[in-house]
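I opened my notebook and went through one structure, item by item. Here is what I looked up.

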Amino acid sequence: MSTTATLPVQTTSLTQGGLARRNAKLAEMLTYGLMRLVTYLMVFAVGYIVFDIVANGLPAINWEFVSQFPRRSGAQGGILPAIVGTISLVTLAIGVALPLGVASAVYLNEYAKQGRFTDMLRLAIVTLAGVPSIVFGLFGLALFVLVLGFGASILAGGLTLACMILPTIIVASEESLKTIPKSFREGSLALGATRWQTIFKNVLPYAMPGILTGTVLSIGRAAGETAPILLTVAAFFLPVLPGSVFDQVMALPYHLYVLATQHPEAAAVRPMQYGTALLLLLIVLGMSLLAIVFRNYFRGKYRW
Amino acid sequence: MVIDTDVLQPQHSDKTGLDVDPGKMGVAPSAPSAFSALSVEDQPARMNTPFMDNFPDPSQPEHPAETLAPTKLEVHHVNFFYGSFQALHDISMSLLQQRATALIGPSGCGKSTFLRLMNRMNELIEDTRMEGQILLDGQDIYHPDVDVVSLRKEVGMVFQKPNPFPKSIYDNVAYGSRIHGIKDKKTLDEIVESTLQQAGLWGEVKDSLQKSATALSGGQQQRLCIARCLAVQPKVILMDEPTSALDPIAAGHIEELIGQLKKNYTIVIVTHNMQQAARVSDYTGFFYQGELIETGKTAQIFTNPKEKKTEEYITGRFG
Ligand SMILES: Nc1ncnc2c1ncn2[C@@H]1O[C@H](COP(=O)(O)OP(=O)(O)OP(=O)(O)O)[C@@H](O)[C@H]1O
Ligand SMILES: [Mg+2]
């Protein structure tokens, strides 16, 4: 019978070409091995840095360190003004950039007629995302500090940071909007919803997780960048709390820079440097966690 | 093909396809609706379109006792373009109230395009253009004064792929009502229950209204979409291959439902399934390469088509 006759032939065909297949398998194993190696290296590098900071920073952190004003140019006392400064700068930056960024992304993806103009806009935004932060600092100095007359202030610094993270938020938001199926929009419009209602009720809520992922990335960047705030807000040594957004303030990354390179007793204040670095990490972590909690809320609520 | 003539015969048993009275077309006795942006004076002049030739003159004495289904939607000489590509050529057709009209034809012939003209969904596609007129209860739906939102409330749509929103079952059905300003919890509850009941889904979901709609089966999802569409109280329901993503049993449920719905709504259904067209529709339009080749009573189209192309398509010689 033909079925029994073909069976052995098929079995041999499965074992044929063994050499070529073995080579292909070897190549595959090598590639995967390399990828795994690179990944492990990355994890190791990050892990080492974090370990170093935590190990050296933890002993420096105590209640006095987070609640006191600095003394003797930061060699003693705490770093309360810098903590307050960084938190207020990041909050202001996100508070300004998130709504603006989402609005831009909504315009680009939902309203604008797609074509050369929108392509150029997108190119400009992606390019802006890659502009060095010192350039944003100079821009902020020129526009917010000088032309608009905010002076070196939280307002000027926060807006400068907002400009810096805006492109990232726009790109992340637009990518997220793109993943929302067209059928959700059509379904809503076909029920007589306006475009605006459709976006607000049936698109943006589902895009929130992606938008908040972009926000998490931006929090780290806004908290960590030194150059923009150096030119627009950060005080070298200012052991008072700001009274309004028009005041200057200290900030953690700049304080770290000062302690590490400008301080006359750089070696003696090493624990303070580590403590400052660890606190900066913790603040970024805390704010990101907040965004992640929101993200998970939206993820759990709208599943498709 | 076996055709169940009981299903095909419209309720008023009309043997000649006599359903359109050109003289009466403007006075569709539908309930007054929110869709009334235009006064009577604004309405374009009526014309007798050539497709009326398909239907005998109602004043002929042989059929004096004829009851006529009023026209709900009238399509006059419509051309439609995607950019420079003309997808529809001079389409004229009447869609009758409380009747189901099936649109059939090979893939790419323009059925969906035609369907989406009736609730102006094609406008969402950039670089498209329409010529001609579509009248809903005698009003030109493409008139600049017409509010597209109230048009879409009047003309609902069910899509080919069930598209429940990733919200709860309740929120899906209540979506349209909420959009249109109904906030009262009790009213919403009533709307949700009655439309789910109409869609034949209430029994299956009444204990899990807060469950995510995306967790339903495909057939349940499609019935949910129908309920969602009914909840805004449309007069016309457009369905674009509503059962093509469903198994035969789920499709059977939907067909049954269409049979129920056409007592109260004007239904236009695109389908690739000839048996389905024969089962659910009273009238059928055959499209081919952007042209409406033939319209008529479903029984007539399927048993005795006038055009050769129609016959070839129905008998499966192409398509
Ligand atoms: N968005 C679009 N842009 C350009 N051309 C389109 C677009 N949508 C449809 N067309 C063209 O218009 C013609 C009619 O398309 P349509 O979707 O109406 O066909 P259909 O009859 O619904 O087909 P099917 O049975 O496959 O759904 C096709 O030639 C198609 O290529
Ligand atoms: Mg189609």
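My entries on this predicted model follow.

**Ground rules.** I worked with a predicted model, where local features need pLDDT of at least 70, side-chain atom pairs count only at pLDDT 80 or more, and totals for chains, interfaces and linings use all residues. Residues are numbered from 1 along each chain as its sequence is written, chains are lettered from A and ligands numbered from 1 in the order in which they are written, and side-chain values use heavy atoms, with hydrogens and water left out.

**Largest pocket.** I looked up the volume of the largest pocket and found about 670 Å³. A pocket here is an open set of points on a 1 Å grid over the protein atoms alone, where a 1.4 Å probe fits, with protein on both sides within 12 Å along at least five of seven lines. Its volume is the space filled by probe spheres set on the points, which are joined across faces, edges and corners.

Which residues come closest to the centre? Of the 25 lining residues, they are A:Lys182, A:Arg185, A:Arg195, B:Leu124 and B:Ile125. A lining residue has an atom within 4 Å of a point.

Next I noted the helices. At least two lining residues each come from α4 (80–111), α8 (182–190) and α9 (195–202) of chain A, and from α2 (111–117) of chain B. The largest share, four residues, belongs to α8(A). Helices (H or I, at least four residues) and strands (E, at least two) are DSSP runs, numbered from the N terminus.

I also sorted the lining: ten residues are nonpolar, five polar and ten charged. Ala, Val, Leu, Ile, Met, Phe, Trp, Tyr, Cys and Pro count as nonpolar; Asp, Glu, Lys and Arg count as charged; the others, Gly among them, count as polar.

**Ligand 1.** I counted 13 residues around ligand 1, and the closest are B:Ser107, B:Lys111, B:Ser112, B:Thr113 and B:His272. To be near, a residue needs a heavy atom within 4 Å of the molecule.

Then I checked polar contacts (N or O pairs within 3.5 Å; within protein, one atom must be able to donate a hydrogen and the other to accept it, and residues adjacent in sequence count only if both atoms are side-chain atoms). The side chain of B:Ser112 has an N or O atom 2.6 Å from an oxygen atom of ligand 1. A polar backbone atom of B:Gly110 is 2.9 Å from an oxygen atom of the ligand. B:Tyr82 places a polar side-chain atom 3.4 Å from a ligand nitrogen atom.

**Cysteines.** How many disulfides are there over all chains? The search finds zero. A disulfide needs two cysteine sulfur atoms within 2.5 Å. For B:Cys225, the nearest cysteine sulfur is that of B:Cys229, 9.3 Å away. B:Cys225 is buried because its relative accessible area is 4%, and buried means under 20%, exposed over 50%, partly exposed in between (1.4 Å probe, protein chains only).

**A strand residue.** B:Glu74 sits in strand β1 (residues 71–82) of chain B. Buried or exposed? B:Glu74 is buried, at 3% relative accessibility. Its side chain makes a 2.8 Å polar contact with that of B:His76.

**Two positive phi values.** Most residues other than glycine have a negative phi. I found B:Gln98 at a positive phi of about 55 degrees. B:Gln98 lies in the loop between β2 (85–96) and β3 (100–104) of chain B. B:Gln289 has a positive phi of about 50 degrees, and its loop runs between β9 (283–288) and β10 (291–297) of chain B. B:Gln98 is partly exposed at 34%, whereas B:Gln289 is exposed at 55%.
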